[in-house]
Amino acid sequence: MSQKNFTLSAEWAPQDAILLTWPHAISDWRPWLEQVDRTFALLAATISRYQNVVMSCLDAAYSQHVLDLLIAANADLTRCQRYIAPSNDIWVRDHGPITVYRNGQPVLLDFQFNGWGGKYRYDLDNQITARLQTLGAFAATRYEAVNLILEGGSIETDGQGTLLTTTQCLLNPNRNHLEQADLEQRLRESLGLNRFLWLQHGSLAGDDTDSHIDTLARFSDPDTIVYQGCADSADLHFAPLRAMAEQLQSFRTADGKAYRLIELPLPAARHAEDGQRLPAGYANFLILNGAVLMPTYDDPMDAVALERLRDCFPGRDALGIPCLTLIRQYGSLHCATMQLPSGVLATSADGSKT
């Protein structure tokens, strides 16, 4: 199938909805359930100002609980859809569907999820996309299961056939046991890709995904990469993030030009009760139809990072979402969301039925 008829769209392309897997007490979120409920309610309400929100809930009682939270947060309930789909955790970026377009029609690809190399339970999470499809959450959109382990947070695309990713994650033997050439071929076949940009450097302390790209470097348009920097030479991130920045400087667009690179500052270190540094960073932002949402950490750098993102997304609102609670379980804003591109719900971008 030609590249013209087979594409993985960029995140800034028109969307129908954002997927959320709602946290619950039968999970690692139990100690912070009230706080994470507030975070999710704010997030869902904010998204509903721009487009639909599709939510997975543990059971009927939790679905009612979620509805109460949405009402309290002043969410647009006409854009909020709840389904019963039991889960292990909230990180739908990695267990949710990855959508491609074939001949202009969306196809939901349900890749395998193995808990980031078997680090955590994943049996329920690995069934969520199939369950939502059975329940009609994706209307009549074509669904395909793919026998390959791949997490949405591990890949980043410009929407023109280029994939930006990290060797530490995609080539990790705890995923697929494939050589780089073989994995590239599988990704060409499943995602319609034709170029690969592999980062060998960069990581955030506390990130247990083996260096997901969405914590490090993101496209904001086909010619621009926004990346996580570190200006403090005493910080443990300084050397690996500087090496990553140098490699980004060596990358070229499909037509041979250097990318425009936008550095995001690093917030101050945050730690768990056991002293583990938590993966606070700003590259884990989420693009909506009319906005870009950025994780914030009650840090002076929040405002600096938000202003830089605002410049990268003209015509979109730039809003902060407090994420100090999310990083307690080693993820942030983008990790907890997954976009459903235009056509998946058979609705228009503003949420109305077509």
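This is a predicted model: local features need pLDDT of at least 70, side-chain atom pairs count only at pLDDT 80 or more; totals for chains, interfaces and linings use all residues.

Colleague: How many helices and strands does the protein have?

Modeller: The secondary structure comes to nine helices and 17 strands, where helices (H or I, at least four residues) and strands (E, at least two) are DSSP runs numbered from the N terminus.

Colleague: And what is the radius of gyration?

Modeller: The protein has 19 Å, which agrees with the value near 20 Å that a compact globule of 354 residues would have; the radius is taken over C-alpha atoms, and the globule rule is 2.2 Å times the number of residues to the power 0.38. Along its principal axes the C-alpha trace spans about 50 × 50 × 40 Å.

Colleague: What share of the residues is buried?

Modeller: Of the 354 residues, 60% count as buried, meaning under 20% relative accessible area, with exposed being over 50% and partly exposed in between (1.4 Å probe, protein chains only). As for contacts (heavy atoms within 4.5 Å), residues 24 or more positions apart account for 77% of those with a separation of 6 or more.

Colleague: Switching to the backbone, what is phi at N103 and at D210?

Modeller: Phi of N103 is near 50° and phi of D210 is near 65°, each a positive value in a residue other than glycine. Most residues other than glycine have a negative phi.

Colleague: Where do they sit, and is each one buried or exposed?

Modeller: N103 lies in the loop between β5 (98-102) and β6 (105-112) and is exposed, with a relative accessible area of 53%. D210 lies in the loop between β10 (195-199) and β11 (217-221), and at 13% relative accessibility D210 counts as buried.

Colleague: Which residues does N172 touch?

Modeller: Not counting residues up to four places away in sequence, N172 touches T167 and D210. N172 is placed in the loop between α6 (167-170) and α7 (180-191) and counts as buried at 17% relative accessibility. A polar atom of the N172 side chain also lies 3.3 Å from the backbone oxygen of Q168.

Colleague: Then what about T167, where is it and what does it touch?

Modeller: T167 is in helix α6 and is buried, with a relative accessible area of 17%. Leaving out residues up to four places away in sequence, T167 touches N172, W198, L199 and Q200. The C-alpha atoms of T167 and H201 are separated by 8.4 Å, although the two residues are 34 apart along the chain.

Colleague: What does the side chain of N114 reach?

Modeller: The N114 side chain reaches the backbone nitrogen of G117 at 2.9 Å. N114 lies in the loop between β6 and α4 (115-118), is buried with a relative accessible area of 11%, and touches Y122, I149, E151, N174 and R175, again not counting residues up to four places away in sequence.

Colleague: Last topic, how many cavities does the structure hold?

Modeller: The structure holds six cavities of 30 Å³ or more. On a 1 Å grid over the protein atoms alone, a cavity is a set of points where a 1.4 Å probe fits but cannot get out, and lining residues have an atom within 4 Å of a point; grid points are joined across faces, edges and corners, and a volume is the space filled by probe spheres set on the points.

Colleague: What is the volume of the largest cavity, and which residues are closest to its centre?

Modeller: The largest cavity has a volume of about 230 Å³, and of the 19 residues that line the largest cavity, the closest to its centre are L8, S9, R93, T157 and Q339. The elements giving two or more residues to that lining are β5, β8 (156-157) and β17 (338-341), and the largest share, three residues, comes from β17.

Conventions
Residues are numbered from 1 along each chain as its sequence is written. Side-chain values use heavy atoms; hydrogens and water are left out. A polar contact is a pair of N or O atoms within 3.5 Å; within protein, one must be able to donate a hydrogen and the other to accept it, and residues adjacent in sequence count only if both atoms are side-chain atoms. On a 1 Å grid over the protein atoms alone, a cavity is a set of points where a 1.4 Å probe fits but cannot get out, and a pocket is an open set with protein on both sides within 12 Å along at least five of seven lines; lining residues have an atom within 4 Å of a point.
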